[in-house]
Amino acid sequence: MAHFEVHTQLNAAELEELEAFAREPGRTVDEVHQWLLERGFTMARSSAGRWMTGFRKQIQAERFGRSAELAAAIKGAVAAGDFANVADAAVMQITQAIFEQAANLDAEGKVKSSDLLNMATALKAAVGGKRQILDLAAAKFDAEATKLAAAGTRRAITEADIAAVRKAVFGS
């Protein structure tokens, strides 16, 4: 983050406290400026505003960073043919978004029972979607295994058989 007047006047502990305050949903530049003045820091509202703009960009970058990490994990799981991990990653991301939204609404005192019901429904759908992905993969695996067994004579399943079924199911 760029260097602002706030960084000149506040020590690390004070800056951490300010950042926690500023992270609260709906926080305004005026509130941040007032927070600084109440603690004896003297700076213009515009200085607080420039810091707040930079801080919001930092928060946004953090969120995009987490999304990029998730995308990389999903891409790696798809490349490896590990669709269970793709489903896990998607459910984790949806769960995180639901919990963040619930925390934001709670912090603002705006939690309604309908919001909680909608969030619970979204979470249930995400978990159910994961189950469907796993069920589809298992069904395809079973179908390919049955096809291989019907084509050959009765024998023990080998590593090559498993690899062939995996390739047919997952494409790698």
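Trainee: Is Glu 38 buried or exposed in this predicted model?
Mentor: Glu 38 has a relative accessible area of 55%. The cut-off for exposed is over 50%. So Glu 38 counts as exposed.

Trainee: Which residue meets the side chain of Glu 38 in a salt bridge?
Mentor: A salt bridge needs a Lys or Arg nitrogen within 4 Å of a carboxyl oxygen of Asp or Glu. Here the N to O distance is 3.8 Å. The partner of Glu 38 is Arg 39.

Trainee: Which residues are linked with Arg 39 in a network of salt bridges?
Mentor: Arg 39 forms a salt bridge with Glu 38. Arg 39 also meets Glu 17, at 3.8 Å from N to O. That pair links distant parts of the chain, 22 residues apart: Arg 39 sits in the loop between helix H3 and helix H4, Glu 17 in helix H2. The residues linked with Arg 39 are Glu 17 and Glu 38.

Trainee: How does Glu 17 count, buried, partly exposed or exposed?
Mentor: Buried means under 20%, and exposed means over 50%. Glu 17 has a relative accessible area of 44%. Therefore Glu 17 is partly exposed.

Trainee: Which helices hold Arg 45 and Asp 30?
Mentor: The side chains of these two residues meet in a salt bridge, 2.5 Å from N to O. The pair ties together parts that are 15 residues apart in sequence, because Arg 45 and Asp 30 lie, in that order, in helix H4 and helix H3.

Trainee: How many salt bridges does the count come to?
Mentor: Arg 45 with Asp 30 is one of them. Arg 39 with Glu 17 is among them too. The count comes to five.

Technical notes. Residues numbered from 1 in each chain as written. Predicted model: local features only at pLDDT ≥ 70, side-chain atom pairs only at ≥ 80, totals over all residues. Heavy atoms only, no water. Helix = DSSP H or I, 4+ residues; strand = E, 2+ residues; numbered from the N terminus. Buried < 20%, exposed > 50% of the residue type's maximum accessible area, 1.4 Å probe, protein only.
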